[in-house]
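Open the model in your viewer and keep the selection panel at hand. The tour below goes stop by stop.

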Amino acid sequence: MDGFAQHDDLMPLPVDPMIPRLFRIVKVKKEVRGVFTWHLVPVDGGDFSYRPGQFNMLYAFGAGEVAISISGDCRDKDKIVHTIRMAGSVTKIMSQLPVGATVGVRGPFGRPWPIEPLYGADLLFVTGTIGLAPLRPLIYEVLHQRDKFGKVVICYGSRGTEDILFEDELHQWRGRFDTNVHVTVHSAPSGYRGRVGSVAAAVRAASIEGANTQAFVCRSETMTKPAVDALRARGITSDRIWVTLERNMKCGVGLCGHCQFGPTFMCKDGPVYRFDQIEHLFEIREL
Amino acid sequence: MVEIEGLGPLVATHPFFTGMDPSALEIIVGCCANAVFKTGAHLYRQGEPADKFYLIRDGLVTLEVYVGGRPAIAIETVEAGEIVGWSWLVSPYKWSNDARASGTVRAISIDGACLRRKMEADRVLGYEIYKRFLPVMARRLLNNRERIVELATEPAT
């Protein structure tokens with residue numbers, strides 16, 4: 001859509017984006033409560049390419065189809081990885097599918113996170129709870145190309161100490177000398193030694209220099225604005241803030257209108273947007 | 001010979017007192033003392049008389065709420081460069097929560113009862129102090145509102 005072509009690294013759409021391709025579940029991993037990860041391989045043995053930030057429509061036969069971000073490493077050509085939260089009838093049935101089951105996959109869809117245009121910048125990732133899943137492919141890619149960027153700071157928030165998604169990897173990333181990781185929780189048992197507070201408070205405390213920082217935000221639509229406000233208070237202007245949004249994606253190609261956000265369709269013009277290009281839409285309550 | 005420096009420079013360079021009039025700072029320093037808390041030590045306890053506040057110089061302080069019948073719950077952390085404690089400003093001057101050191105904490109404690117008397121006697125000083133505390137309280141309120149919205153709108157994973 002004109003006015004929303006913020007980056008030109010779109011992937012070509014699948015040959016027929018409306019026909020699911022068969023994938024087999026080769027691994028199911030329980031993450032935190034109510035969240036599981038699938039490793040999928042194509043039944044036809046072909047390739048599957050995507051960019052960080054894109055999503056697939058996953059189809060559980062007889063149950064329905066849902067839009068799920070890809071949460072794996074886009075350089076891993078052996079499988080695609082999806083991390084799914086049980087949120088409704090379809091994802092509940094998906095959570096019961098065993099290794100070996102077959103599902104339909106349409107995609108990849110949507111605009112990815114920008115990477116190459118941001119070489120040289122400091123990067124700040126801001127996310128909470130399940131929002132780390134759509135950001136993880138970008139974090140992987142940035143770490144693959146670590147020498148191309150300045151500081152890398154990750155601010156992640158969860159409700160408590162028991163539901164920190166990808167906790168092992170957060171520890172790994174924190175253990176690197178070239179990455180700062182701030183984890184904050186809403187509340188914790190007495191004696192907890194980490195940070196307690198909102199994600200925005202973690203952003204306020206993070207060691208960043210706004211002038212050379214590009215920020216990536218994956219929060220609920222409601223919490224995106226407070227996150228952006230906290231970033232702007234640190235000197236990061238809206239044209240250097242990238243957000244991913246999610247609404248009721250159905251067709252994945254901008255035809256059905258279910259995910260319309262003002263003049264844009266999140267499935268096609270998003271889910272990744274540069275914030276200054278949609279900022280005005282956040283002020284309209286009816287949207 | 002080691003020269004022992006007073007608390008004045010430490011207080012003057014703490015972000016909470018940035019830009020404070022030197023004569024006002026001199027009055028405040030008269031109410032100050034150095035404080036060090038080891039890991040797990042309480043800076044103050046909920047319900048006890050609130051007669052101090054702390055400029056955090058180094059370390060992390062966890063604010064905890066005791067709700068009875070269960071261990072206290074950590075609800076917020078405060079970092080170096082920030083302050084802990086505003087109950088000394090608000091009647092009935094009792095702490096509304098616990099504050100514990102999460103690691104070694106170096107701070108400057110300020111005698112709130114002493115400062116309240118000086119603020120009563122010097123309303124300009126009182127106004128300066130309130131001007132600095134109100135943004136702290138507003139920020140804490142904002143933090144809590146954000147967390148309520150987060151809890152209401154984002155899944156618990």
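**Stop 1: a strand pair in chain A**

Select A:Met57: opposite this residue stands A:Arg106 in E6(A). This is a predicted model, in which local features need pLDDT of at least 70, side-chain atom pairs count only at pLDDT 80 or more, and totals for chains, interfaces and linings use all residues. Residues are numbered from 1 along each chain as its sequence is written, while chains are lettered from A and ligands numbered from 1 in the order in which they are written.

Now show E3(A) and E6(A) whole. They pair in the antiparallel sense, over four bridges. Strands (E, at least two residues) and helices (H or I, at least four) are DSSP runs numbered from the N terminus. Two strands count as paired if DSSP finds at least two bridges between them.

**Stop 2: the sheet**

Six strands run in the order E4-E3-E6-E1-E2-E5, with antiparallel pairing. Look at the edges: E4 and E5 of chain A each have a single partner strand, so one side of each has no neighbour in the sheet. Neighbouring strands are turned by 40° against each other on average, direction ignored. Axes here are lines fitted to C-alpha atoms, for helices over the stretch in contact, and angles run from 0 to 180 degrees between N-to-C directions.

**Stop 3: two domains**

Colour chain A by domain: domain 1 covers 21–109 and domain 2 covers 116–283. These bounds come from an automatic or database domain assignment. The C-alpha centres of the two domains lie 22 Å apart. Which elements give two or more residues to the domain 1 side of the contact? They are strands E3 (55–60), E4 (64–69), E5 (80–85) and E6 (102–109) of chain A. E6(A) supplies the largest share, three residues.

**Stop 4: chain B against chain A**

Bring in chain B. Here 24 residues of chain B are in contact with 32 residues of chain A. Contact means that C-beta atoms, placed from the backbone, lie within 7 Å. On the chain B side, strand E4 (61–65), strand E5 (73–78) and helix H4 (123–153) give two or more residues. H4(B) gives the most, with seven residues.

Strand E10 (residues 188–189) of chain A pairs with E5(B) in the antiparallel sense over two bridges. Select A:Pro189 and find B:Ile73 of E5(B) opposite.

Key
Two residues are in contact if their C-beta atoms, placed from the backbone, lie within 7 Å.
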